[in-house]
Amino acid sequence: MRLPVVLFDLDGTVIDSGGIILASMRHAATTVLGRDVPDEQLMAAVGGPGLEQQMRELDPERVDELITAYRAHNEPLHDTLVCCAGMDDVLERLRDEGRRLGIVTAKRRATVELAFAHVPFGHLFDVVVGGDETALHKPHPEPIELALERLAVEARQAAYVGDSPFDMQAARAAGMRAIGVTWGGIHERSALTDADDVVDTPEELLAVL
């Protein structure tokens, strides 16, 4: 096998969560700020520096209120979460090939576990790094480097699969292969210019990993 380790972003890559993220961002903006914010602005930083920074960009004076409103709206919506179509089969096939898999996400670890309670394939991953486990966040490589450290592997042995420009930049900064995916509905294909490969279906991952 070419790459024995494959790390994945979570939102928009493994779980189909773009819709609930957008709904909760809209809810936070309207209830706390009393205004409508364009969807493109709400979603621009998703998958990157974390929820606090996303809210800071909306209003640096009301970050805590925005986060509280977002989480109160978002966490119950995890009941509706599903896997991105075809990803469960691909993850199983990668495991059957002997690959070691991991998640590196901007989500807090507790929210990752909430997602896995409703989309039950957390057992497929050998390592999970949440957004509250590192001081720096994507596009900085620290979260990916922590996952590699926990697995005791070198960057050249691994790929990182994600749907955002932050994912691709972090993978490149870590010295590993960057695979962009287009099915998440959070970022446009044009945002994945730093990817080594871009794929449109989970099945295509098997050909590039």
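User: In which loop is Pro139 found?

Analyst: In this predicted model, the peptide bond from Lys138 to Pro139 is cis, with omega near 15 degrees. Most peptide bonds are trans. As for its place in the chain, Pro139 is found in the loop between strand E3 (127-129) and helix H7 (142-151).

User: What is the phi of Ala152?

Analyst: Ala152 lies in the loop between H7 and strand E4 (158-162). Most residues other than glycine have a negative phi. Ala152, by contrast, has a positive value although the residue is not glycine, its phi being near 55 degrees.

User: How far apart are the closest N and O atoms of Arg56 and Glu52?

Analyst: Both residues, Arg56 and Glu52, belong to helix H3, where they are four residues apart, about one turn of the helix. A salt bridge requires a side-chain nitrogen of Lys or Arg within 4 Å of a carboxyl oxygen of Asp or Glu, and by this rule the model has 17 salt bridges. Arg56 forms one with Glu52, and the closest N and O atoms are apart by 2.7 Å.

User: Which helices give two or more residues to the lining of the largest pocket?

Analyst: The largest pocket has a volume of about 480 Å³, and its lining comprises 25 residues, of which Gly50, Leu51, Arg71, Ala106 and Lys107 lie nearest its centre. The elements that give two or more residues to this lining are helix H3 (51-58) and helix H4 (63-74).

Notes: Residues are numbered from 1 along each chain as its sequence is written. This is a predicted model: local features need pLDDT of at least 70, side-chain atom pairs count only at pLDDT 80 or more; totals for chains, interfaces and linings use all residues. Side-chain values use heavy atoms; hydrogens and water are left out. On a 1 Å grid over the protein atoms alone, a cavity is a set of points where a 1.4 Å probe fits but cannot get out, and a pocket is an open set with protein on both sides within 12 Å along at least five of seven lines; lining residues have an atom within 4 Å of a point. Grid points are joined across faces, edges and corners, and a volume is the space filled by probe spheres set on the points.
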